[in-house]
Amino acid sequence: MRDLGVFAEVAPSETPASQLASAKGVIISGGPASVYDPGSPHIDPRLLRLGAPVLGICYGQQLMAHLLGGQVEKGERGEYGFAQLDLRARDLQAEDSLFRGIAGPQQVWMSHRDLVAAPPPGFQVVASTPTCRVAAMSAPDRRLYGVQFHPEVVHTPSGREILSNFVFGICGCVRDWNPAGQIESLEAQIRETAAGRNVFFFVSGGVDSTVAFTLCLKSLGSQRVHGAYVDTGLMRQGETDFVRANFAALGASGFQVVDAAPQFLPALEQAIEPEHKRRVIGEEFVRVQQRILETEHFLDGNWILGQGTIYPDTIESGGTAKADLIKTHHNRVAGIQKIIDEGRLIEPLSSFYKDEVRALGRQLGISSALLDRHPFPGPGLAIRCLCGAVEAPPVKSKDGWELPIRSVGVQGDSRTYRAVLAIDDFPSSMEEAALLVNRNEGVNRVVVAVRAAARISEMRAHPARLTRQRLARLRHADAVVRRLSHDSGFDSQVWQFPVVLIPFGTADCPDSVVLRPIDSVDGMTASVVRAPEELLQRTAAELCRLEGVAGVFYDVTNKPPATIEWE
Ligand code: XMP
């Protein structure tokens, strides 16, 4: 809706209808539940009698049918993928139709188990597919609409038109939402919240904290806005200089780099497992932040804390009761908790989505080199530099070699920590990698051996720690990959491209590099992207020339069953 230029908010499904009385329209979203599951999301049924148009999508349509006396059938296998939608002729013209102006049969994207077998009394079936009779239903006189397919995904080419018909034609909304046009009012709000006090930020160099910082900077002036950037020693090559240059270009005189590598690296010396590393890093962050709070006197009443919280963060932290992912903020600094408890907090981006934050950033003159960067995890290179305690050979299995290197995966609802299967050639399809994972118990990830200084049977996993030498090795490898994928344009085809160092190699060259380019929408799921062969070979050859690198592998596992990061 916001992409169409109409202001929209996300509310918990159970929100009482009375609170939505002023809405021009309501969309009940999709979701994986069945209306027959105990505890599945529900709505206040009075919502369907409010008089405002309601559109149910997927589960939303099923819930609408269920509540109004239609029949929902429990699906055993479900339907996932493209389908051909046949439309009723009347609905191609009628003003109150979702399908107005859409020509003929349409490709749509389906993803559902249950389906509506019979619409509620008073509803008409307005579109069907060969396998789903009630692909769309409506009761225009009651302003109620449902679709089983997903108009919001790119695989439904006419989806944008369908949603436009709903929001403009049926709800009568007008374009009223333009994030980039709100800078002046955001700045005024910042001045009001700050009320004469100064603002300090812990900035990460990422998009959100940089845009939030810049808004405050423009609003209050550089004397009143302070940004502390903690260099943990786990950054990528050139990262700290890049961030420093960006803040200098913004005119941020109150920007400070805190060199905390001498604190983080010794603390991580004994850490081998991913969660241990994350815990140590979290604890060290707490120490550094507390120190900065005290030395800069941010705890006195003259300062408030600025944060780059964006809209999805507020939803995930419990804004809606049924949100699948709840982020926990463990390791919160006591001093910061106190500031938050006292309400000395300013979050200028809390009602914006990521794309809108980028639009604001562009308007504020922040460089696209910063705004369009791939996401990068907070714990930095630490969780891409795998460690180990034992020496072990790979084990031959009928599908390839099981490497004694453990990485994290997601299978079912839980995380796994298992070995990696190495194979010789790229599988014919990426689904084949999932089959290999299913067939090889004890494995959650599959890699292709692209290039190696020795035969896999001659290579070994070695005891390895998070040393300065290995971090430097990974930093070099990551810089090589970034340079080549940027020069070839490949980096614009991927959502994220982790480069991972694994302690698997020869006596002379103890490590190997894993390439992990993936495509994703939000990081919750991911699919493998295959690099052009020529680029891959050039990259592998250059990586194998680096000190200490024995081989190059290519991760061919989607998420699930593997995670994007290896740790
Ligand atoms: P996974 O590996 O869970 O990653 O598939 C999903 C997305 O989250 C990022 N990620 C992190 N980001 N701190 C962060 O700030 C972390 O500890 C962390 N772990 C994973 C990852 O880069 C990917 O974009």
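Are Phe298 and Trp303 buried or exposed? Select both: Phe298 is buried, and Trp303 is buried too. Buried means under 20% relative accessible area, exposed means over 50%, and partly exposed lies in between, with a 1.4 Å probe and protein chains only.

Before going on, note that this is a predicted model, in which local features need pLDDT of at least 70, side-chain atom pairs count only at pLDDT 80 or more, and totals for chains, interfaces and linings use all residues. Residues are numbered from 1 along each chain as its sequence is written, and side-chain values use heavy atoms, with hydrogens and water left out.

**Domains**

Colour the chain by domain: domain 1 covers 17–170, domain 2 covers 179–377 and domain 3 covers 384–555. These bounds come from an automatic or database domain assignment. The centres of domain 1 and domain 3, taken over C-alpha atoms, are 43 Å apart.

**Aromatic rings**

Rings of Phe, Tyr and Trp (its six-membered ring) pair if their centres lie within 6.5 Å; planes under 30 degrees apart count as stacked, over 60 as edge-to-face and the rest as tilted. The count by this rule is 18 aromatic pairs. Select Tyr145 and Phe166: their ring centres are 6.4 Å apart and their planes stand at 75°, so this pair is edge-to-face. The pair links distant parts of the chain, with Tyr145 in strand β9 (residues 144–147) and Phe166 in helix α2 (residues 159–170), 21 residues apart. Helices (H or I, at least four residues) and strands (E, at least two) are DSSP runs, numbered from the N terminus. Both Tyr145 and Phe166 are buried.

Return to Phe298 and Trp303, which form an edge-to-face aromatic pair, 4.7 Å centre to centre with 65° between the planes. Next, select Phe201, Phe213, Tyr229, Phe247 and Phe255, which make up one aromatic cluster.

Two arginines come next. The charged end of Arg530 sits over the ring of Phe426, 3.7 Å from its centre, and Arg2 lies over the face of Tyr311, 5.0 Å from the ring centre. A charge sits over a ring if NZ of Lys or CZ of Arg is within 6 Å of the ring centre and within 35 degrees of the ring normal.

**Leu217**

Select Leu217 in helix α4 (residues 207–220). Leu217 counts as buried because its relative accessibility is 6%. Not counting residues up to four places away in sequence, Leu217 touches Ser222, Val225, Leu250, Gly251 and Ala252; contact means heavy atoms within 4.5 Å.

**The ligand**

Which residues surround the ligand? Among them are Arg278, Pro377, Arg415, Trp495, Gln496, Lys559, Ile564 and Glu565, where a residue is near a molecule if one of its heavy atoms lies within 4 Å of it. Show the ligand's oxygen atoms: one is 2.7 Å from an N or O atom in the side chain of Lys559. A polar side-chain atom of Arg415 lies 2.9 Å from an oxygen atom of the ligand, and a polar backbone atom of Ile564 is 2.8 Å from an oxygen atom of the ligand.

**Gln496**

End at Gln496, in the loop between α13 (468–487) and β20 (499–502). Gln496 counts as buried because its relative accessibility is 6%. The side chain of Gln496 reaches the backbone oxygen of Pro375 at 3.0 Å and makes a polar contact with the side chain of Glu565 at 3.5 Å. A polar contact is a pair of N or O atoms within 3.5 Å; within protein, one must be able to donate a hydrogen and the other to accept it, and residues adjacent in sequence count only if both atoms are side-chain atoms.
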